[in-house]
Amino acid sequence: GQESLEPCDEAPEVCGRRAFQVGIHAFEEGRYDTALQAFRRAQQIKPHPVILFNVALAEAETGLLVEAEQHFDEVFRDPSTPAEKLDAARRERDRVAALVATVSVDREDAELVVDDEPAGGSPPSVRVNPGPHRIQVSLGGRVVVDREVELARGQVLQLAVATPEPEP
């Protein structure tokens, strides 16, 4: 077969199938970035839960665990997902979910921002991919924590924040 992600000017079914095959081949060889690109292209051309399942597998292999978890959920909720893929999607989702890191603050009145994205919840909490992150915590509009952290797979970082002394 053709081993590239060159532009395809044939029928969408042909282009989608070709991209999917490139993805399968790359995945089997451990070239997960290429596999992810190919599966995403196939999903873009002709969306299908089995293709999305493969997108999620490749995302998990490239460290995009939060995205993979969401995509496994979509596969699981899609009524057109073949029955034999449902158990695999649930199993993979649970495996990936255990590897996602979590950052939270122990106070409901705190604001948490991770990588310039405000976290929701009360107290605030966010699930993120393992790796480097910038964490900021504010109380009453005043930044009390601002630091870079390296989060491991499955790490839960619970920040305990004291009330700052009033400024003189």
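## Reading helices, rings and sheets

A: In this predicted model, helix H3 (residues 49-61) and helix H4 (residues 65-77) pack with their axes 8 Å apart, at an angle of about 160°.

Q: What describes two packed helices in general?

A: The angle between the axes and the distance between the axes describe such a pair. For H3 and H4, the angle is about 160°; the two helices are therefore roughly antiparallel to each other. H3 passes H4 in a left-handed crossing.

Q: Which residues of H3 and H4 make the contact?

A: On the side of H3, the contact is made by Pro49, Leu52, Phe53, Val55, Ala56, Leu57, Glu59 and Ala60. H4 contributes Leu65, Glu67, Ala68, His71, Phe72, Glu74 and Val75.

Q: How do the axes of helix H1 and helix H2 cross?

A: The axes of H1 (residues 12-28) and H2 (residues 32-45) come within 8 Å and cross at roughly 160°. That makes H1 roughly antiparallel to H2. The crossing in which H1 passes H2 is left-handed. Among the residues of H1 that make the contact are Pro12, Cys15, Ala19, Phe20 and Phe27; those of H2 include Tyr32, Ala35, Phe39, Arg41 and Ile45. The residues of the contact of H1 with H2 divide into 14 nonpolar, 3 polar and 1 charged.

Q: How is a pair of aromatic rings described?

A: Such a pair is described by the distance of the centres and the angle of the planes. The structure holds 3 aromatic pairs. In one of them, the rings of Phe20 and Phe39 have their centres 5.5 Å apart and their planes at 50°, so the pair is tilted. Phe20 belongs to helix H1 and Phe39 to helix H2, so the pair ties together parts that are 19 residues apart in sequence.

Q: Through what do the strands of a sheet pair?

A: They pair through backbone hydrogen bonds, either parallel or antiparallel.

Q: How many bridges join strand E1 to E7?

A: Strand E1 (residues 101-105) is joined to E7 by 4 bridges, and the two strands run parallel. Val103 has Leu157 in E7 as its bridge partner.

Q: What is the order of the strands in the open sheet of 4 strands?

A: The order is E3-E2-E5-E6, and the pairing is antiparallel. Its edge strands are E3 (117-118) and E6 (142-151), each of which pairs on one side only. Between strand E2 (residues 110-114) and E3, which run antiparallel, there are 2 bridges. Val114 stands opposite Glu117 in E3.

Q: Where do Asp115 and Pro123 lie?

A: Asp115 lies in the loop between E2 and E3. Although Asp115 is not a glycine, it has a positive phi of about 55°. Pro123 is found in the loop between E3 and E4. A cis peptide bond joins Ser122 and Pro123, with omega about 0°.

Notes: Residues numbered from 1 in each chain as written. Predicted model: local features only at pLDDT ≥ 70, side-chain atom pairs only at ≥ 80, totals over all residues. Heavy atoms only, no water. Axes fitted to C-alpha atoms, helices over the stretch in contact; angles between N-to-C directions. Parallel < 35°, antiparallel > 145°, perpendicular 65-115°, else oblique. Left-handed = near helix turned anticlockwise from the far one by under 90°. Contact = heavy atoms within 4.5 Å. Nonpolar A, V, L, I, M, F, W, Y, C, P; charged D, E, K, R; others polar. Pairing = 2+ DSSP bridges. Phe/Tyr/Trp six-rings, centres within 6.5 Å; stacked < 30°, edge-to-face > 60°.
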